Amino acid sequence: MVKKQTQMYYGADYNPEQWSKEIILEDMALMKEVGVNYVSINIFGWVSIQPNETTFDFTFLDWLIDLLHENNIMIDLANGTASPPAWLVNKYPDMMPMTVHGNRLVHGSRQHYCPTSEIYRRYAATLSTAVAKRYHQHPAIVMWHINNEYTCHIHECYCDRCRSRFQQWLQDKYQTIDELNRAWSTTFWSQSYGDWHEIYLPEQMPTFKNPAQQLDYRRFISAMNLEIYQIEKEAIAAYSRDIPFMTNLMGLHKYVNGFQWAPEMDVVSWNSYPNPFSDMPYPQFLANDLTRSLKKKPFLIMEQAPSAVNWRAVNGAKKAGQMRLWSYEAIAHGADGIMFFQWRQSRGGAEKFHSAVVPHGQPSESRVFKESCQLGNELKELQAIVGTSFIADIAVVFDWENWWALELDAKPRTLKYIHQLSRLYEALRGLNLAVDFVHPDEDISAYPFVIAPNLYSTHASFGDKIKDYVAGGGIFLTNFFSGIVNENDQVYLGGYPGLFKDILGITVEEFYPLKDTMHGQMTFDQQTFTTHLWEEVIHLKQAKVLAQFNNDDLSNTPAITCNQYGEGFAYYIGTELAPADLTVVLSKIIQDNHLEKAAQQFIEAETPVSVSCRQGTGYTLLFLINHTDIDEHIVLKKKGYSLLDEKPLSEIDVLAKDLQIIKILDDQSDS
Ligand code: GLA
Ligand code: ZN
């Protein structure tokens, strides 16, 4: 049995290799002041514990782990494989990744390993074994942190080894070369293969590359990195099976297929770096829901900046209160821990101007340090949150493979998946609709409303699933350039959107993409909305029109449609709308179908305050987060208690840029 988390985790990446023992001892006192109960260590520790091929030296790590334990700090112990040492690279330069231009990268940064290097895998496994063997029984260890941010920097390698491994991977996948030729549509441009060895990586080519080949390369890179994770994990699992395993994911990161990786982890976590210049960083808010959705369980913010990062063109500082509010935003959406990168700001190296809890200056004079203390000490009182499950109202389909396919070149229009998703997410947040993200293979039957935004590429089986879902009474919404191709980027014939046309009761004859400077108009419920990016020629089969385009060629033609299919309804939007306009459309769909939101049991959910619910045993936690600049007053439909002071409440003020957490008992029969 894997050990369960019992406290909210609060802490940081801790890199004490960079510091003297005196400073480390000072850190223990400061961690107490901040309320730290959890740190991630040894992420970049490889050369410290294995200074050369034949020596393992755990003196420092032994001391550090005991010291943290004596100070009641739980440890997320990394196996230390994120940055291979110089002695290894110099002995085996061939383990380094190769760029598309044929340059081999050299030592001096981090994550410098080719994803198929047997040498890297072997040495990483040896290091993992040594770490696990030494520490698996240490009572302070509560998590195994495998590697760090896989593919963050290296998401391509064009070495000969990767090429032959790719050929082998393709052979395992397709079995026969004819099957590969079919899947890759190689009759186009005389690309057919007679043998596996003829196949290249999608490297430098004269013009457009084979899209199916590029898609398989993305699958291959994600799979090769997952193999590394598994090798490292297995090395540790030989000694330790009761401590949870995880690696820190990156939310909306394109190159790791999160839904495929999550089953290999006990806990999912992500590193969250919203831009402080944005008041409402929807992509990161969305990524909280996405990360939780990978396992439909609480997740961890494994890293966030206390204030500025070092890697943007302009590294804005988080404003007073912003870090706290965004931390609670994550908690409201299922986080059971908030950790920073990093604990103490480095003196040298590339990240010395990245903020940290302990700054270069005096902690006592640091706003960031004081805000970290405030949050840490608040979280100590919020143990009722741990392990509670997020209550979702609806499902939004998310698929990494679609992301890859949608953004390949040679399309009618450049479409960015995350941009489209963020706009939808913003519109949903405007209605306080709580979102679970689902993979197309997942069971969707429990959700009353499923949205599949820009699902350009998907398996035929998803089309069948949606048919059953809507026929059985489900509400489905999709939009332009969805249901167009299969998993090999081959068009579903017979009229767009091939996979969904029956259920939507329409066909799309032709796409009318708009340039960035162009906008059109459409009419919906007597309101005029501006259209962006895309319009198209839609023909009705059985569907009804909900909105029409107003522009020259497309004047009075359908823009939004609704089709009854069996017991349910399928909606289609043939353009991009501003989030506020999309909110209006979504609101009508919600009303017409009498869809209820979880939050409505407790308050009138039509409020500018962000509302979300987490379910505990015998109680619900209602999170009211006010991201606006105006104080709000909320009247509760049921009696609650403020989680911080346990005072009974029936109404409450939620001040601007502040929040409230209300505990509402399920059984209120005698109250
Ligand atoms: C990533 C890495 C950290 C650090 C931070 C800086 O999340 O995992 O080691 O480099 O970025 O923002
Ligand atoms: Zn390689």
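A salt bridge is a side-chain nitrogen of Lys or Arg within 4 Å of a carboxyl oxygen of Asp or Glu. The structure, which is a predicted model, holds 29 such salt bridges. In this predicted model, local features need pLDDT of at least 70 and side-chain atom pairs count only at pLDDT 80 or more, whereas totals for chains, interfaces and linings use all residues. Residues are numbered from 1 along each chain as its sequence is written, chains are lettered from A and ligands numbered from 1 in the order in which they are written, and side-chain values use heavy atoms, with hydrogens and water left out.

**View 1. Aspartate 27 and arginine 344 form a salt bridge.** The closest N and O atoms of aspartate 27 and arginine 344 are 2.8 Å apart. The pair links distant parts of the chain, 317 residues apart: aspartate 27 belongs to helix α1 (residues 21-34), and arginine 344 to the loop between β9 (335-340) and α12 (367-379). Helices (H or I, at least four residues) and strands (E, at least two) are DSSP runs, numbered from the N terminus. Aspartate 27 counts as buried because its relative accessibility is 0%. Arginine 344 is also buried, with a relative accessible area of 10%. Buried means under 20% relative accessible area, exposed over 50%, and partly exposed in between, with a 1.4 Å probe and protein chains only. The charged end of arginine 344 sits over the ring of tryptophan 19, 5.5 Å from the ring centre. A charge sits over a ring if NZ of Lys or CZ of Arg is within 6 Å of the ring centre and within 35 degrees of the ring normal.

**View 2. Glutamate 401 and arginine 219 meet in a salt bridge.** Their closest N and O atoms are 2.9 Å apart. Glutamate 401 lies in helix α13 (residues 400-406) and arginine 219 in helix α8 (residues 211-237), so that the pair links distant parts of the chain, 182 residues apart. Both residues are buried. Glutamate 401 and arginine 219 also belong to a network of salt bridges with Lys173 and Asp216. Side chains of opposite charge can pair when their charged atoms come close.

**View 3. Glutamate 606 and lysine 597 form a salt bridge.** The N to O distance in this pair is 3.0 Å. Is glutamate 606 buried or exposed? Glutamate 606 is exposed, with a relative accessible area of 54%. Lysine 597, in contrast, is buried, with a relative accessible area of 6%.

**View 4. Phenylalanine 60 and tryptophan 63 form an aromatic pair.** The structure holds 39 aromatic pairs. In this one, the rings are tilted, with 6.1 Å from centre to centre and 40° between the planes. Rings of Phe, Tyr and Trp (its six-membered ring) pair if their centres lie within 6.5 Å; planes under 30 degrees apart count as stacked, over 60 as edge-to-face and the rest as tilted. Both residues lie in helix α3 (residues 59-70), three residues apart, which is about one turn of the helix. Phenylalanine 60 is partly exposed, with a relative accessible area of 26%, and tryptophan 63 is partly exposed at 25%. The charged end of lysine 21 sits over the ring of tryptophan 63, 4.6 Å from the ring centre.

**View 5. Ring pairs link a cluster of aromatic residues.** The members are Tyr158, Phe166, Trp169, Trp184, Tyr193, Tyr217 and Phe220.

**View 6. Helix α14 (residues 417-430) is mostly covered.** The helix has 14 residues and reaches 20 Å from its first C-alpha to its last, close to the 20 Å expected at 1.5 Å a residue. The expected span is 1.5 Å times one less than the number of residues. Eleven of the 14 residues are buried, among them Tyr417, Leu421, Arg423 and Leu428. Asparagine 432, which follows α14, has a positive phi, near 55°.

**View 7. The largest nonpolar core has 172 residues.** A nonpolar core is a set of buried Ala, Val, Leu, Ile, Met, Phe, Trp, Tyr and Cys residues joined through side-chain atoms within 4.5 Å. The residues with the most contacts inside this core are Tyr14, Ile41, Leu68, Trp343, Phe398, Phe449 and Leu586. Helix α5 (residues 118-135) provides the largest share of the core, nine residues. At least three residues come from each of domain 2 (394-595) and domain 3 (599-665); domain bounds come from an automatic or database domain assignment.
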